[in-house]
Amino acid sequence: MERVQRSAGVKLSWSSFVKHALLVCLSFVAVFPLYWMIATSLKTEGDVFSSSIIPLHATLQNYTQAWRAVPMFRMLSNSMVVAIVQTLVQLLTSVLAGYAFTRWEFRGSSLIYGLIALTWLVPFQVIMIPNYVAVSGFGWRDNLLGLIVPNLVSAFAVLQLYNAFKSYPKTLIEAARLDGASDWGLLWRTIVPNLKASIASIGILLFITAWNDYFWPLLVTTKLEHSTVQKGLQMFISSDGNMWGALMAATTITSLPVLIIYLLLQRQIIDSFVKGGLK
């Protein structure tokens with residue numbers, strides 16, 4: 001097989017070279033929109049539509065305009081509260097459901113598990129009207145409860161943790177039983193500490209999903225002060241013209257928490273995607 005000799009003396013086959021070149025191209029395609037967003041946010045109003053990929057007269061004016069145009073801090077706080085509470089409660093309900101389905105034998109467990117799996121396949125557009133009517137009936141419109149409560153349970157997390165719990169070694173559970181551990185103690189002192197990597201990776205995905213949710217806050221809230229930051233982005237888009245510089249600045253601010261989480265926990269995020277794809 002013909003090989004390419006690298007300067008370091010490491011041989012690389014042509015097929016590997018083509019694969020790496022393709023991955024580099026795909027990485028560029030994936031990263032360039034992010035770079036273009038940040039670069040546009042730093043351009044002046046006159047340079048926004050220029051073909052230059054580098055902001056020639058870099059300025060933070062767009063960030064100041066975006067921060068003053070909408071209650072950015074309030075919406076960021078709302079997004080953070082909604083994402084954190086929603087993620088923690090979804091993890092709690094999923095851990096309890098996963099343990100019950102894998103360790104308890106009760107009538108109808110397979111049916112209930114099948115129904116939960118089916119709800120994962122139902123599009124959000126199908127259930128948004130019943131949820132909206134329920135939230136309006138409780139008086140939770142323009143309230144964080146209306147954003148959080150309908151999403152306290154995640155079928156995706158239940159299915160993922162069910163597989164993780166099912167693969168947990170039974171010998172360790174039997175050993176804990178012999179030591180007199182109750183179901184509660186067995187779950188929180190034996191199983192959860194050993195599955196914290198899986199639980200953490202699922203939690204990261206749940207947080208990102210909750211943070212990026214746009215349609216449900218758009219439906220439930222009418223005032224920006226009671227909504228999440230994703231809804232605020234549409235304030236920079238109008239029929240009279242889009243404020244591209246401020247929009248890109250607001251989008252950059254909105255993306256920062258998720259980007260920071262990804263940079264800190266990228267290994268766990270990639271592992272969770274790989275495990276989810278394999279299962």
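These notebook entries follow what I looked up in one predicted model.

I worked with a predicted model, in which local features need pLDDT of at least 70 and side-chain atom pairs count only at pLDDT 80 or more, while totals for chains, interfaces and linings use all residues. Residues are numbered from 1 along each chain as its sequence is written, and side-chain values use heavy atoms, with hydrogens and water left out.

**Whole chain.** I found 13 helices and 2 strands in the chain, taken as DSSP runs numbered from the N terminus (helices H or I, at least four residues; strands E, at least two). The radius of gyration, taken over C-alpha atoms, is set against a globule rule of 2.2 Å times the number of residues to the power 0.38. The chain has 24 Å, well over the 19 Å that the rule gives for 279 residues, so it is more spread out than a compact globule. Along its principal axes, the C-alpha trace spans about 70 × 70 × 30 Å.

**Burial.** I noted that 35% of the 279 residues are buried (under 20% relative accessible area with a 1.4 Å probe, protein chains only; exposed is over 50%, partly exposed in between).

**Helix 10.** I checked residues 196-212, where the 17 residues should span 24 Å at 1.5 Å a residue, and the end C-alpha atoms are 24 Å apart, which agrees; the expected span is 1.5 Å times one less than the number of residues. Helix 10 is mostly covered, with 12 of its 17 residues buried, among them F207 and W211.

**L111.** I placed L111 in helix 4 (residues 109-121), and L111 is exposed at a relative accessible area of 60%.
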